[in-house]
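This report considers charged side-chain pairs and the pairing of strands in one protein model. Please keep the sequence and the structure at hand while reading.

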Amino acid sequence: MLVGEKELGADSSSICTGTLNHVTSSENYTEVIIDIWFSPNQNCTLVIESGICSGDSGVEVEILPFFISAGSLTIYDGPSSKYPVIPLQGSRFYRVHNLPSKRSSGRFLTLVLLFKYDNYHRIFSLRYRNTPIGRFPSNTDNAIIENSVSDTCGEEILIAYQESNFITSPGYPREYDKLLNCKWTVISDDKCNNNVIQITIHTMSLGGSDDELIIYDGDSEVDPVLATLSGQEEPQVITTSGTTVVLMFWTNDTAPGQGFNLSYTRKRATPLLAESVTINITKHTAVMAVDFISGTPHRAVYWSKNGFIIPEDDKHTFTVTPASVTMEPDISLDGFTATLRITEPVPPDFGLYKVAVVNRFGLSERVIFLRRGNSVPVIKSHTVFPDNATIMVTFSSHSNFKISWYKRQRLISYGSEVSITTALVEDKYNGEANEALFKSVLGSTNPTELDYVDYMCIIRNDIGTTEISLYMGYPEKELPKLLVPSPTVEISDQEIILSVNFDSNIAYPSATWFIGDVQIEISDKYSMELKWEGIYSPYWTTNGYPSHLRSNDQRSVIDIYTYPHIGGSRSSTQPNAHYTAVLTISKITSEDFGFYRVVLENEAGKSHHVIGVPIPEVFLYVTCDQADTTRLVCNVTSCSSIIHSWIHSVDGEVIRNLPGDQDGTLNTLTIPLCMYLDAGTYTCIATDEESGNNVKLSHDRTTLAVRAVPVILESAVAIQSDGIHLEVPFFSNPPHRWVTWHRNGYTVGSPYGQLIETGPRNVILPMYGKMCSKAGNVTSVYVHNPTTGDFGKYKVTIGNEMGSSEHFINVQNPLYA
């Protein structure tokens with residue numbers, strides 16, 4: 001039995017039912033003893049989570065010397081079998097066996113036992129507990145990996161990080177299977193702080209009436225339901241009240257749908273206030289408003305000035321109203337707008353205000369400056385650049401001000417090893433003639449450990465004084481972060497181009513592309529590029545990029561005036577760390593559509609990003625060999641009946657209209673025994689049967705290329721007293737490889753006094769009753785001063801890789817005509 005904080009039954013048989021068991025360890029040992037009969041191929045899965053949420057605690061497990069019977073044991077360094085294996089001294093056991101203690105490198109450890117034989121008695125014993133990191137050597141070769149996309153169906157534990165990871169229905173974007181029962185448990189990687197988990201539904205299209213995705217606010221299905229989703233759902237955000245969430249996906253035995261694609265991430269639990277603030281000042285009122293969202297109901301909103309909470313009275317009016325708040329691109333969340341209205345403002349009413357929003361996890365604040373005329377200096381922004389020991393402060397003031405910098409409360413004098421520069425950024429700031437925006441930059445010429453301390457910047461003018469305290473810590477390394485918008489997918493007739501724009505504050509990042517778990521290598525089909533500001537990597541250093549440094553050196557791509565805005569949109573003043581990773585896929589087939597993964601890496605680590613390439617309604621490019629049969633497919637999903645038809649055209653001229661074969665939403669156009677006549681563009685026309693209107697398709701046409709033997713067209717003969725001139729136009733796809741001429745069975749060529757030429761020329765091809773101009777060729781023979789033997793039957797043979805074609809010309813001597 002399991003002794004300690006969780007009971008699993010008298011003989012602990014409940015952990016050996018094939019289901020996943022999630023337990024929590026404590027500082028004391030918890031013991032598990034299994035002593036029962038098992039069915040064949042029965043497995044026992046036990047996921048152990050450290051009971052201490054801090055990052056300096058792991059899980060220690062000890063296999064006791066009481067393990068009898070045939071079976072195998074695998075220990076994984078994480079919450080599932082997707083994580084690295086912790087090596088054992090043999091994993092199969094047939095007698096009493098003792099193993100040294102094993103420990104995880106993080107908060108989770110998973111044990112999987114598998115028994116092979118029927119009706120066999122097994123005895124297994126282990127114990128586990130919390131253990132501090134450093135008690136045993138860490139599993140340095142088995143570093144924890146992040147989740148990327150999870151589409152498995154069963155029971156799975158996933159970890160929510162600050163970076164988004166994804167869950168999709170099995171097989172997405174293709175239809176999922178019937179009668180599914182899938183469960184995902186998502187746990188925050190940081191349970192010490194008051195964090196919540198944010199679920200973002202990107203796309204959802206479920207089929208049968210009972211197919212649904214249920215989200216529970218906790219670690220089991222008995223916890224409150226946050227959402228029950230079915231059918232077609234718009235993009236939305238769902239936030240938990242704690243650090244664990246369970247997602248259950250059920251399907252029935254009726255027609256399935258495309259499924260869903262969602263992401264999950266760890267967010268702070270305190271209210272989130274928007275960066276932008278609305279200020280409106282008139283002669284009689286001054287209004288300040290800020291948007292916010294809160295994962296749990298907010299309890300209060302406070303406004304204060306100069307450290308004192310403002311009471312509501314005849315002069316001050318407070319309101320909190322529901323609002324649609326945009327915190328992520330293209331996704332609006334249900335939130336609120338907090339507003340302070342001041343009636344008949346007077347000079348003392350202007351200055352610094354603070355708004356605070358409180359929920360059960362704590363409060364969040366935003367400082368707002370209400371200005372009128374000359375004012376004390378106002379600090380607009382401040383940034384610390386540890387990589388080169390630089391601090392930048394931006395502030396507004398009129399031009400008569402004094403600025404002082406302090407290091408550990410001592411005034412920094414000019415001319416020391418610390419440089420200070422202050423410059424005008426914008427005159428008439430915010431339209432005020434007597435206000436301007438300035439920037440002051442403090443930087444160390446040769447930074448040492450002594451420079452990473454506390455600093456203070458004090459700005460004075462004749463109205464008042466403003467100061468700010470800043471701490472410069474040791475340089476931090478940032479993972480590569482995507483820019484917005486990113487990524488992009490371009491689909492043309494013969495290639496797919498995937499582009500990802502990202503920032504890295506560490507020089508020389510790399511980008512690696514995957515299809516599933518298989519890394520893509522450069523080949524005739526795949527090409528990869530990495531650009532910095534549009535410049536290919538071989539030419540970086542010649543365009544001002546820093547040269548290579550040793551791997552243990554830190555070098556950021558910044559200077560003291562500009563710094564890349566990690567994860568956000570860029571501007572012309574931030575040019576230094578803008579990268580683009582490009583994957584080009586040529587010779588595309590239907591297998592090239594689906595999900596791709598790009599791993600962006602620098603010295604700080606890796607970030608994983610998934611890109612979906614949607615399947616077009618009509619495949620873009622098709623090739624057919626002569627005499628083969630090919631099929632063109634048009635698939636249009638709609639709530640009503642669709643009538644399909646096809647238009648065959650060449651260079652915009654319609655050749656013929658074709659119906660195709662209709663089967664539900666699919667229409668298949670079969671072209672038997674391909675000939676050159678069938679080449680051209682085929683456009684799928686989808687018409688709604690009820691309204692009679694055409695349905696707009698993202699990809700509605702395909703190009704059919706036919707590979708056939710050369711097509712020889714009508715020849716021309718010119719006979720004059722001084723020569724014979726023969727011309728034969730022809731069309732060849734693939735391009736021709738040879739042209740030979742014969743006369744009366746003998747080879748014609750320049751050694752025999754004849755001139756043969758072959759070159760490009762537009763030709764007219766007959767195609768189903770239409771005459772179409774195409775890029776072709778013409779071959780010709782010129783015989784100078786012909787004799788009687790130069791007349792007779794000429795034969796031209798033109799060949800390509802598909803075969804050859806022949807053409808005969810009778811040239812009669814005019815003397816015998």
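Predicted model: local features only at pLDDT ≥ 70, side-chain atom pairs only at ≥ 80, totals over all residues.

**Salt bridges**

Side chains of opposite charge can pair when their charged atoms come close. The structure holds 18 salt bridges. Three of these pairs are set out in the table, each with the distance between nitrogen and oxygen.

| Salt bridge | N to O distance |
|---|---|
| Arg129 and Glu60 | 3.1 Å |
| Asp592 and Lys525 | 2.9 Å |
| Arg656 and Asp678 | 3.0 Å |

In the pair formed by Arg129 and Glu60, the closest N and O atoms are 3.1 Å apart. Arg129 and Glu60 are both buried.

The salt bridge between Asp592 and Lys525 has an N to O distance of 2.9 Å. Asp592 belongs to the loop between strand 44 (578–586) and strand 45 (594–602), and Lys525 to the loop between strand 41 (518–519) and strand 42 (526–532); the pair therefore ties together parts that are 67 residues apart in sequence. Why is Asp592 classed as buried? The relative accessible area of Asp592 is 4%, and the class of buried residues takes in values under 20%.

For Arg656 and Asp678, whose side chains meet in a salt bridge, the N to O distance is 3.0 Å. Arg656 is part of strand 50 (residues 653–658), while Asp678 sits in the loop between strand 52 (666–671) and strand 53 (680–688), so this pair ties together parts that are 22 residues apart in sequence. Both Arg656 and Asp678 are buried.

Salt bridges can also share partners: Asp625, Arg707, Arg737 and Glu801 are joined in this way into one network.

In which order do the five strands of the open sheet lie? The order is 11-13-19-15-16, and the pairing is mixed. Strand 11 (155–160) and strand 16 (225–229) are the edge strands, each of which pairs on one side only. From one strand to the next, the twist averages 15 degrees.

Strand 15 (residues 212–216) pairs with strand 19 (residues 244–250) in the antiparallel sense, over five bridges. Opposite Ile214 stands Met248, a residue of strand 19.

Definitions and conventions. Residues numbered from 1 in each chain as written. Heavy atoms only, no water. Salt bridge = Lys/Arg side-chain N within 4 Å of Asp/Glu carboxyl O. Buried < 20%, exposed > 50% of the residue type's maximum accessible area, 1.4 Å probe, protein only. Helix = DSSP H or I, 4+ residues; strand = E, 2+ residues; numbered from the N terminus. Pairing = 2+ DSSP bridges. Axes fitted to C-alpha atoms, helices over the stretch in contact; angles between N-to-C directions.
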